[in-house]
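Good morning. I will go through one structure today, starting with the ligand and then moving to sheets, helices and a few backbone details.

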Amino acid sequence: MPVAKTIARQLENASWIRRMFEEGVRMKRERGADAVFDFSLGNPDVEPPPAVLDALRRVVAGNRPGSHGYMPNPGYPAVREAVANKLQRETGLSFTAEDIFMTVGSAGACNVILKSILDPGDEVIVLMPFFPEYQFYIANHGGRMVPVETDATFLPDVERIAAAITPRTRAILLNTPNNPTGRVYPESVLRDLDAMLKRAGQPITVISDEPYKSFVYDGGRQPEVASFIANTVICNSWSKSLGLPGERIGYLALSPQLEDAALLRGACAFCNRTLGFINAPAIWQWVMLESLDATIDAAIYEHKRNVLCDALEAIGYEVRRPEGAFYIFLKTPIPDDIAFTKLLAEQGVLAVPGTGFGRSGYIRLSLTIPLERIEGSIGGFRRAFLSSRGDKQG
Ligand SMILES: Cc1ncc(COP(=O)(O)O)c(C=O)c1O
(Lines give C-alpha, C1' and ligand atoms only; values in the text may rest on other atoms or scores of the structure.)
Protein backbone atom coordinates (compact mmCIF):
# COMPACT_ATOMS: atom_id res chain seq x y z
CA MET A 1 0.00 0.00 0.00
CA PRO A 2 1.65 3.31 -1.02
CA VAL A 3 2.33 5.92 1.65
CA ALA A 4 1.86 9.64 0.97
CA LYS A 5 5.07 11.20 -0.39
CA THR A 6 5.02 13.83 2.37
CA ILE A 7 4.83 11.21 5.10
CA ALA A 8 7.50 9.07 3.41
CA ARG A 9 9.79 12.14 3.45
CA GLN A 10 8.94 12.90 7.09
CA LEU A 11 9.64 9.29 8.05
CA GLU A 12 13.10 9.56 6.51
CA ASN A 13 13.81 12.47 8.87
CA ALA A 14 12.09 10.61 11.71
CA SER A 15 12.84 11.93 15.12
CA TRP A 16 16.30 11.22 16.55
CA ILE A 17 14.61 10.90 19.95
CA ARG A 18 12.53 7.92 18.79
CA ARG A 19 15.49 6.50 16.85
CA MET A 20 17.67 6.53 19.97
CA PHE A 21 14.85 5.16 22.09
CA GLU A 22 14.49 2.24 19.65
CA GLU A 23 18.28 1.80 19.62
CA GLY A 24 18.04 1.53 23.42
CA VAL A 25 15.44 -1.22 23.19
CA ARG A 26 17.75 -3.12 20.80
CA MET A 27 20.86 -2.59 22.97
CA LYS A 28 19.03 -3.70 26.12
CA ARG A 29 18.00 -6.92 24.35
CA GLU A 30 21.59 -7.56 23.23
CA ARG A 31 23.61 -6.42 26.26
CA GLY A 32 21.08 -6.72 29.09
CA ALA A 33 19.18 -3.80 30.64
CA ASP A 34 21.83 -3.21 33.33
CA ALA A 35 24.49 -2.40 30.73
CA VAL A 36 22.47 0.36 29.04
CA PHE A 37 21.99 3.90 30.42
CA ASP A 38 19.14 5.43 28.47
CA PHE A 39 19.04 9.25 28.52
CA SER A 40 17.01 9.47 25.29
CA LEU A 41 13.30 9.91 26.04
CA GLY A 42 11.57 12.51 28.27
CA ASN A 43 9.26 9.97 29.86
CA PRO A 44 8.87 10.95 33.55
CA ASP A 45 10.18 8.21 35.85
CA VAL A 46 8.40 9.72 38.87
CA GLU A 47 4.94 8.21 39.43
CA PRO A 48 1.89 10.53 39.62
CA PRO A 49 1.28 11.96 43.13
CA PRO A 50 -0.90 9.69 45.35
CA ALA A 51 -3.53 12.47 45.55
CA VAL A 52 -4.02 12.23 41.76
CA LEU A 53 -4.41 8.46 41.84
CA ASP A 54 -6.89 8.84 44.77
CA ALA A 55 -8.87 11.34 42.68
CA LEU A 56 -8.87 8.86 39.78
CA ARG A 57 -10.30 6.15 42.08
CA ARG A 58 -12.97 8.56 43.38
CA VAL A 59 -13.96 9.64 39.86
CA VAL A 60 -14.23 6.05 38.62
CA ALA A 61 -16.20 4.94 41.73
CA GLY A 62 -18.46 8.03 41.49
CA ASN A 63 -19.43 7.07 37.90
CA ARG A 64 -21.26 10.36 37.24
CA PRO A 65 -24.23 9.89 34.89
CA GLY A 66 -23.13 10.58 31.31
CA SER A 67 -19.47 10.53 32.20
CA HIS A 68 -18.66 8.20 29.30
CA GLY A 69 -20.61 10.10 26.65
CA TYR A 70 -19.79 12.82 24.13
CA MET A 71 -19.56 16.30 25.61
CA PRO A 72 -19.13 19.84 24.21
CA ASN A 73 -15.95 19.71 22.08
CA PRO A 74 -13.99 22.17 24.28
CA GLY A 75 -14.60 19.98 27.37
CA TYR A 76 -16.71 19.96 30.55
CA PRO A 77 -17.66 23.55 31.53
CA ALA A 78 -16.89 22.99 35.24
CA VAL A 79 -13.39 21.76 34.47
CA ARG A 80 -12.73 24.63 32.05
CA GLU A 81 -13.91 27.10 34.66
CA ALA A 82 -11.54 25.67 37.27
CA VAL A 83 -8.61 25.87 34.81
CA ALA A 84 -9.59 29.47 33.96
CA ASN A 85 -9.67 30.39 37.67
CA LYS A 86 -6.21 28.93 38.19
CA LEU A 87 -4.86 30.85 35.18
CA GLN A 88 -6.48 34.03 36.52
CA ARG A 89 -4.54 33.61 39.76
CA GLU A 90 -1.28 32.82 37.96
CA THR A 91 -1.38 35.48 35.21
CA GLY A 92 -3.55 38.26 36.65
CA LEU A 93 -5.62 38.08 33.43
CA SER A 94 -9.38 37.61 33.37
CA PHE A 95 -9.56 34.12 31.82
CA THR A 96 -13.05 32.57 31.72
CA ALA A 97 -14.22 29.03 30.92
CA GLU A 98 -14.89 30.22 27.33
CA ASP A 99 -11.14 30.73 26.81
CA ILE A 100 -10.22 27.15 27.78
CA PHE A 101 -10.25 24.04 25.56
CA MET A 102 -9.41 20.71 27.14
CA THR A 103 -7.05 18.87 24.77
CA VAL A 104 -5.21 15.65 24.12
CA GLY A 105 -2.00 16.83 25.79
CA SER A 106 0.06 19.83 24.85
CA ALA A 107 0.72 18.19 21.48
CA GLY A 108 -3.03 18.15 20.86
CA ALA A 109 -3.29 21.80 21.95
CA CYS A 110 -0.48 22.83 19.56
CA ASN A 111 -2.19 21.04 16.66
CA VAL A 112 -5.58 22.59 17.45
CA ILE A 113 -4.25 26.16 17.48
CA LEU A 114 -2.04 25.64 14.41
CA LYS A 115 -4.95 24.18 12.45
CA SER A 116 -7.14 27.07 13.61
CA ILE A 117 -4.83 29.82 12.37
CA LEU A 118 -2.79 28.50 9.42
CA ASP A 119 -3.57 28.66 5.73
CA PRO A 120 -1.28 26.75 3.34
CA GLY A 121 2.09 28.48 3.09
CA ASP A 122 1.67 30.53 6.27
CA GLU A 123 4.84 30.76 8.34
CA VAL A 124 5.53 29.85 11.95
CA ILE A 125 8.76 31.01 13.57
CA VAL A 126 10.43 28.37 15.76
CA LEU A 127 13.51 29.09 17.87
CA MET A 128 16.55 26.84 17.46
CA PRO A 129 17.25 24.39 18.97
CA PHE A 130 13.64 23.19 19.10
CA PHE A 131 11.41 20.26 20.06
CA PRO A 132 11.58 18.29 16.78
CA GLU A 133 7.87 17.43 16.66
CA TYR A 134 7.08 21.12 15.99
CA GLN A 135 8.15 20.76 12.34
CA PHE A 136 5.57 17.99 11.85
CA TYR A 137 2.80 19.79 13.76
CA ILE A 138 3.29 22.84 11.51
CA ALA A 139 3.45 20.72 8.35
CA ASN A 140 0.24 18.90 9.43
CA HIS A 141 -1.64 22.13 8.73
CA GLY A 142 0.15 23.25 5.57
CA GLY A 143 2.38 25.72 7.42
CA ARG A 144 6.04 26.47 6.79
CA MET A 145 8.44 26.33 9.71
CA VAL A 146 10.90 29.24 9.82
CA PRO A 147 13.74 28.29 12.20
CA VAL A 148 15.46 31.27 13.86
CA GLU A 149 18.70 30.98 15.85
CA THR A 150 18.69 31.90 19.53
CA ASP A 151 21.60 33.84 21.07
CA ALA A 152 24.77 32.20 22.39
CA THR A 153 22.99 31.33 25.66
CA PHE A 154 19.89 29.91 23.91
CA LEU A 155 17.65 32.89 24.74
CA PRO A 156 15.36 34.34 22.03
CA ASP A 157 17.17 36.92 19.90
CA VAL A 158 14.46 39.52 19.37
CA GLU A 159 16.32 41.26 16.51
CA ARG A 160 16.72 38.01 14.58
CA ILE A 161 13.05 37.16 15.14
CA ALA A 162 12.02 40.62 13.87
CA ALA A 163 14.19 40.11 10.78
CA ALA A 164 12.49 36.75 10.05
CA ILE A 165 8.96 38.20 10.02
CA THR A 166 7.30 38.33 6.59
CA PRO A 167 3.73 39.13 5.54
CA ARG A 168 3.07 35.36 5.82
CA THR A 169 4.16 35.09 9.48
CA ARG A 170 1.19 33.97 11.57
CA ALA A 171 2.81 32.70 14.77
CA ILE A 172 5.91 32.30 16.90
CA LEU A 173 6.24 29.10 18.90
CA LEU A 174 7.84 29.68 22.31
CA ASN A 175 8.74 26.91 24.73
CA THR A 176 9.91 27.89 28.18
CA PRO A 177 11.20 26.17 30.28
CA ASN A 178 12.79 24.86 27.14
CA ASN A 179 13.21 21.41 25.70
CA PRO A 180 16.07 20.74 24.92
CA THR A 181 18.11 23.63 26.44
CA GLY A 182 16.57 23.95 29.91
CA ARG A 183 16.52 27.75 29.57
CA VAL A 184 13.83 29.70 31.42
CA TYR A 185 13.04 32.86 29.45
CA PRO A 186 13.21 35.89 31.76
CA GLU A 187 10.67 38.72 31.97
CA SER A 188 12.96 41.14 30.11
CA VAL A 189 13.03 38.93 26.99
CA LEU A 190 9.24 38.46 27.06
CA ARG A 191 8.74 42.23 27.35
CA ASP A 192 11.11 42.89 24.44
CA LEU A 193 9.29 40.31 22.32
CA ASP A 194 5.93 41.90 23.11
CA ALA A 195 7.22 45.38 22.21
CA MET A 196 8.66 44.06 18.93
CA LEU A 197 5.37 42.30 18.05
CA LYS A 198 3.40 45.49 18.72
CA ARG A 199 5.67 47.29 16.23
CA ALA A 200 5.33 44.50 13.62
CA GLY A 201 2.17 45.99 12.11
CA GLN A 202 0.43 42.63 11.63
CA PRO A 203 -1.24 40.22 14.06
CA ILE A 204 1.22 37.49 15.11
CA THR A 205 0.15 34.91 17.68
CA VAL A 206 2.62 33.69 20.28
CA ILE A 207 1.98 30.00 20.91
CA SER A 208 3.43 29.38 24.35
CA ASP A 209 4.02 25.66 24.81
CA GLU A 210 4.41 25.27 28.59
CA PRO A 211 4.42 21.60 29.65
CA TYR A 212 7.53 22.16 31.82
CA LYS A 213 6.23 25.27 33.61
CA SER A 214 6.41 23.66 37.06
CA PHE A 215 10.01 22.51 36.58
CA VAL A 216 12.16 25.52 37.50
CA TYR A 217 15.15 25.04 39.78
CA ASP A 218 17.26 26.99 42.30
CA GLY A 219 14.14 28.63 43.75
CA GLY A 220 13.31 30.30 40.41
CA ARG A 221 9.94 30.70 38.71
CA GLN A 222 8.81 30.82 35.09
CA PRO A 223 7.43 34.31 34.37
CA GLU A 224 3.96 33.92 32.83
CA VAL A 225 4.29 34.42 29.08
CA ALA A 226 0.63 35.51 28.81
CA SER A 227 1.20 38.23 31.43
CA PHE A 228 3.89 39.85 29.28
CA ILE A 229 2.86 39.10 25.69
CA ALA A 230 -0.64 40.23 24.77
CA ASN A 231 -1.22 37.93 21.78
CA THR A 232 -0.58 34.68 23.64
CA VAL A 233 -2.21 31.29 23.31
CA ILE A 234 -1.10 28.80 25.98
CA CYS A 235 -0.60 25.07 25.30
CA ASN A 236 -0.12 23.06 28.46
CA SER A 237 -0.58 19.58 29.87
CA TRP A 238 -0.14 17.47 32.97
CA SER A 239 2.08 14.99 31.08
CA LYS A 240 5.25 16.16 32.77
CA SER A 241 4.00 18.04 35.85
CA LEU A 242 2.01 15.04 37.13
CA GLY A 243 3.87 12.24 35.33
CA LEU A 244 0.87 11.35 33.14
CA PRO A 245 2.07 11.48 29.50
CA GLY A 246 0.20 8.32 28.53
CA GLU A 247 -3.15 9.72 29.70
CA ARG A 248 -3.13 12.52 27.12
CA ILE A 249 -4.68 15.36 29.10
CA GLY A 250 -3.91 19.05 28.66
CA TYR A 251 -5.49 22.34 27.61
CA LEU A 252 -5.34 25.27 25.24
CA ALA A 253 -6.01 28.72 26.74
CA LEU A 254 -6.68 31.84 24.67
CA SER A 255 -5.51 35.02 26.35
CA PRO A 256 -8.38 37.41 27.18
CA GLN A 257 -6.18 40.09 25.56
CA LEU A 258 -6.43 38.49 22.09
CA GLU A 259 -8.33 40.42 19.45
CA ASP A 260 -11.16 38.64 17.59
CA ALA A 261 -11.23 35.94 20.28
CA ALA A 262 -14.85 34.97 19.55
CA LEU A 263 -13.98 33.81 16.04
CA LEU A 264 -10.90 31.98 17.25
CA ARG A 265 -12.87 30.20 20.02
CA GLY A 266 -15.26 28.78 17.44
CA ALA A 267 -12.32 27.69 15.27
CA CYS A 268 -10.58 25.91 18.17
CA ALA A 269 -13.71 23.98 19.19
CA PHE A 270 -14.22 22.98 15.55
CA CYS A 271 -10.58 21.91 15.08
CA ASN A 272 -10.50 19.90 18.32
CA ARG A 273 -13.41 17.96 16.82
CA THR A 274 -12.31 17.67 13.20
CA LEU A 275 -8.74 16.67 14.03
CA GLY A 276 -10.48 13.56 15.30
CA PHE A 277 -9.84 14.22 18.99
CA ILE A 278 -13.57 15.16 19.42
CA ASN A 279 -12.77 16.03 23.04
CA ALA A 280 -10.10 15.33 25.66
CA PRO A 281 -10.43 12.11 27.74
CA ALA A 282 -13.53 12.49 29.95
CA ILE A 283 -12.36 10.67 33.10
CA TRP A 284 -9.11 12.62 33.15
CA GLN A 285 -10.91 15.96 32.88
CA TRP A 286 -12.78 15.12 36.11
CA VAL A 287 -9.57 13.92 37.75
CA MET A 288 -7.88 17.21 36.89
CA LEU A 289 -10.75 19.15 38.42
CA GLU A 290 -9.71 17.61 41.73
CA SER A 291 -5.95 17.77 41.11
CA LEU A 292 -5.24 21.27 39.83
CA ASP A 293 -2.94 22.07 42.74
CA ALA A 294 -1.02 18.78 42.73
CA THR A 295 2.54 18.58 41.36
CA ILE A 296 5.38 16.13 41.22
CA ASP A 297 8.26 17.04 43.50
CA ALA A 298 10.56 18.91 41.07
CA ALA A 299 13.36 18.67 43.66
CA ILE A 300 13.87 15.05 42.54
CA TYR A 301 14.88 16.28 39.06
CA GLU A 302 16.91 19.17 40.51
CA HIS A 303 18.94 16.70 42.55
CA LYS A 304 19.54 14.50 39.49
CA ARG A 305 20.57 17.60 37.51
CA ASN A 306 23.10 18.49 40.20
CA VAL A 307 24.57 14.98 40.41
CA LEU A 308 24.97 14.66 36.63
CA CYS A 309 26.22 18.22 36.03
CA ASP A 310 28.78 17.94 38.86
CA ALA A 311 30.06 14.63 37.50
CA LEU A 312 30.25 15.87 33.89
CA GLU A 313 32.11 19.02 34.96
CA ALA A 314 34.58 16.95 36.96
CA ILE A 315 35.29 14.87 33.83
CA GLY A 316 36.00 18.04 31.81
CA TYR A 317 32.78 18.60 29.86
CA GLU A 318 31.66 22.20 29.29
CA VAL A 319 28.34 22.22 31.15
CA ARG A 320 25.51 24.77 31.13
CA ARG A 321 23.20 23.88 34.02
CA PRO A 322 19.55 23.85 32.94
CA GLU A 323 17.41 26.30 34.91
CA GLY A 324 14.26 24.30 34.21
CA ALA A 325 12.60 21.38 32.35
CA PHE A 326 14.39 18.07 32.77
CA TYR A 327 17.07 17.94 30.12
CA ILE A 328 20.76 18.82 29.93
CA PHE A 329 21.87 20.18 26.55
CA LEU A 330 25.54 19.29 26.71
CA LYS A 331 28.29 20.61 24.47
CA THR A 332 30.09 17.67 22.89
CA PRO A 333 33.89 17.57 23.26
CA ILE A 334 34.15 17.17 19.47
CA PRO A 335 32.07 19.21 17.00
CA ASP A 336 30.44 16.12 15.43
CA ASP A 337 27.58 15.33 17.85
CA ILE A 338 26.48 12.25 15.88
CA ALA A 339 30.00 10.77 16.09
CA PHE A 340 30.09 11.56 19.82
CA THR A 341 26.67 9.96 20.33
CA LYS A 342 28.16 6.80 18.78
CA LEU A 343 31.13 6.92 21.16
CA LEU A 344 28.71 7.17 24.09
CA ALA A 345 26.57 4.32 22.72
CA GLU A 346 29.69 2.11 22.62
CA GLN A 347 29.83 2.74 26.38
CA GLY A 348 26.15 1.84 26.78
CA VAL A 349 25.10 5.49 27.23
CA LEU A 350 22.25 6.65 24.99
CA ALA A 351 21.83 10.35 24.23
CA VAL A 352 20.08 12.27 21.45
CA PRO A 353 22.32 14.25 19.05
CA GLY A 354 21.69 18.00 19.04
CA THR A 355 21.39 17.77 15.24
CA GLY A 356 17.92 16.30 15.86
CA PHE A 357 16.96 19.60 17.55
CA GLY A 358 18.54 21.81 14.89
CA ARG A 359 21.83 22.47 16.74
CA SER A 360 24.90 20.30 16.09
CA GLY A 361 27.77 20.15 18.58
CA TYR A 362 25.46 19.20 21.47
CA ILE A 363 23.64 16.20 22.85
CA ARG A 364 20.45 16.11 24.90
CA LEU A 365 20.37 14.07 28.09
CA SER A 366 16.99 13.44 29.71
CA LEU A 367 16.95 13.40 33.52
CA THR A 368 13.99 11.03 33.57
CA ILE A 369 16.36 8.16 34.33
CA PRO A 370 16.66 6.85 37.92
CA LEU A 371 19.41 8.41 40.06
CA GLU A 372 21.29 5.12 40.48
CA ARG A 373 21.38 4.73 36.68
CA ILE A 374 22.85 8.25 36.39
CA GLU A 375 25.51 7.28 38.92
CA GLY A 376 26.20 4.07 37.00
CA SER A 377 26.64 5.95 33.72
CA ILE A 378 29.46 8.27 34.79
CA GLY A 379 32.26 5.83 33.83
CA GLY A 380 30.79 5.64 30.32
CA PHE A 381 30.68 9.44 30.03
CA ARG A 382 34.34 9.56 31.14
CA ARG A 383 35.53 6.88 28.71
CA ALA A 384 33.66 8.47 25.77
CA PHE A 385 35.15 11.90 26.66
CA LEU A 386 38.68 10.50 26.80
CA SER A 387 38.32 8.48 23.62
CA SER A 388 36.98 11.55 21.77
CA ARG A 389 40.29 13.16 22.71
CA GLY A 390 42.12 10.19 21.21
CA ASP A 391 43.14 8.90 24.64
CA LYS A 392 43.02 5.14 24.19
CA GLN A 393 43.31 4.68 27.98
CA GLY A 394 39.71 5.89 27.92
C1 LIG B 1 8.29 20.98 24.32
C2 LIG B 1 7.26 19.92 24.30
N3 LIG B 1 6.03 20.23 23.86
C4 LIG B 1 5.04 19.32 23.82
C5 LIG B 1 5.27 18.02 24.22
C6 LIG B 1 4.13 17.04 24.16
O7 LIG B 1 3.56 16.97 25.40
P8 LIG B 1 2.19 16.21 25.69
O9 LIG B 1 2.51 14.85 26.19
O10 LIG B 1 1.53 17.06 26.72
O11 LIG B 1 1.41 16.18 24.43
C12 LIG B 1 6.54 17.64 24.70
C13 LIG B 1 6.82 16.26 25.09
O14 LIG B 1 7.93 15.83 25.31
C15 LIG B 1 7.55 18.63 24.74
O16 LIG B 1 8.78 18.34 25.17
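How many nonpolar, polar and charged residues does the shell around the ligand have, by class? There are four nonpolar, eight polar and one charged. For these classes, Ala, Val, Leu, Ile, Met, Phe, Trp, Tyr, Cys and Pro count as nonpolar, Asp, Glu, Lys and Arg as charged, and the others, Gly among them, as polar.

Before going on, two notes on the model. It is a predicted model, where local features need pLDDT of at least 70, side-chain atom pairs count only at pLDDT 80 or more, and totals for chains, interfaces and linings use all residues. Residues are numbered from 1 along each chain as its sequence is written.

Back to the ligand. In total 13 residues surround the ligand, and the closest are Gly105, Ser106, Ala107, Ser237 and Ser239. A residue is near a molecule or strand here if its C-beta atom, placed from the backbone, lies within 6 Å of it. Helix H5 gives the most to this shell, with three residues. Helices (H or I, at least four residues) and strands (E, at least two) are DSSP runs, numbered from the N terminus.

H5 covers residues 105-117, and its axis comes within 9 Å of the axis of helix H6, residues 133-140, crossing at roughly 35°. Axes are lines fitted to C-alpha atoms, for helices over the stretch in contact, and angles run from 0 to 180 degrees between N-to-C directions. On the H5 side, Ala107, Cys110, Asn111 and Leu114 meet Glu133, Tyr137, Ile138 and Asn140 of H6. Contact means that the C-beta atoms of two residues, placed from the backbone, lie within 7 Å. Five of the residues in this contact are nonpolar, two are polar and one is charged. Ala107, then, is among the closest residues to the ligand and is also in the contact with H6.

Now the sheets. Strands of a sheet pair through backbone hydrogen bonds, either parallel or antiparallel. S4 pairs with strand S3 (residues 123-128) in the parallel sense over six bridges; two strands count as paired if DSSP finds at least two bridges between them. Within that pair, Leu127 stands opposite Val148 in S4.

S9 and strand S12 (residues 362-366) pair over five bridges, and Leu330 stands opposite Ile363 in S12.

Last, the backbone. Most residues other than glycine have a negative phi, and most peptide bonds are trans. Which peptide bonds are cis here? One runs from Thr176 to Pro177, with omega near -10°, and another from Asn179 to Pro180, with omega near 20°. Pro177 is in the loop between strand S5 (169-175) and helix H8 (187-199), and Pro180 lies in the loop between S5 and H8 too. Asn63 has a positive phi, near 40°, and sits in the loop between helix H3 (50-62) and H4.
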